[in-house]
Amino acid sequence: MTHPEAVKMAEDLIEMIEELPEDTHVKRSDFFDDVKEKAQEVLRTMERTGRVSGGQENALINWTDGVKKWIH
């Protein structure tokens, strides 16, 4: 995954969480809040360093998959 792709994935993940219906977010607020916070941290690091590590890439993929599973 390229740096721009990873940045977009992190931004999309954060947006997905922010756009959840309030009742969905309240039920799983700890999970969604934790994922959003971690995704924001990874995004800041990627923007600062200009690169994405394998660990960051894997985390973004896993977080995105996890959020999608909770939603559906």
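How does Phe-31 count by its relative accessibility?

Modeller: Phe-31 counts as partly exposed, at 28% relative accessibility. Buried stands for under 20% relative accessible area, exposed for over 50%, and partly exposed for what lies in between, with a 1.4 Å probe and protein chains only. The model is predicted, so local features need pLDDT of at least 70 and side-chain atom pairs count only at pLDDT 80 or more, while totals for chains, interfaces and linings use all residues. Residues are numbered from 1 along each chain as its sequence is written, and side-chain values use heavy atoms, with hydrogens and water left out.

The ring partner is Trp-70: the two ring centres are 5.6 Å apart and the planes stand at 45°, so the pair is tilted. Rings of Phe, Tyr and Trp (its six-membered ring) pair if their centres lie within 6.5 Å; planes under 30 degrees apart count as stacked, over 60 as edge-to-face and the rest as tilted. This pair links distant parts of the chain, since Phe-31 belongs to helix α3 (residues 29-49) and Trp-70 to helix α4 (residues 54-71), 39 residues apart. Helices (H or I, at least four residues) and strands (E, at least two) are DSSP runs, numbered from the N terminus. Trp-70 is likewise partly exposed, with a relative accessible area of 41%. Together with Phe-32, Phe-31 and Trp-70 form one aromatic cluster.

Gln-56, Ala-59, Leu-60, Trp-63, Thr-64, Gly-66 and Val-67 are the buried residues of α4. They cover an arc of only 165° around the axis, which puts them on the same side of α4; the arc is that of the directions from the helix axis to the C-beta atoms. Asn-62 and Lys-69, on the other side of α4, are exposed.

The buried residues of α4 pack against α1 and α3. Thr-64, buried with a relative accessible area of 8%, is in contact with Met-9, Leu-13 and Met-16, leaving aside neighbours within four places in sequence. Contact means heavy atoms within 4.5 Å. Gln-56, buried at a relative accessible area of 14%, touches Val-42, Thr-45, Met-46 and Arg-51, not counting residues up to four places away in sequence.

Helix α1 (residues 3-18) can be described in similar terms. In α1, the residues Ala-6, Val-7, Ala-10, Leu-13, Ile-14 and Ile-17 are buried. They lie on the same side of α1, because they cover an arc of only 125° around the axis.

Buried residues account for 31% of its 72 residues. On confidence, the chain averages a pLDDT of 91, and 93% of the residues score at least 70; pLDDT is the predictor's confidence in each residue, from 0 to 100. Among the elements of the chain, α1 has the highest mean pLDDT (95) and helix α2 (residues 22-27) the lowest (64). Where pLDDT is low, the predicted coordinates should not be read in detail.
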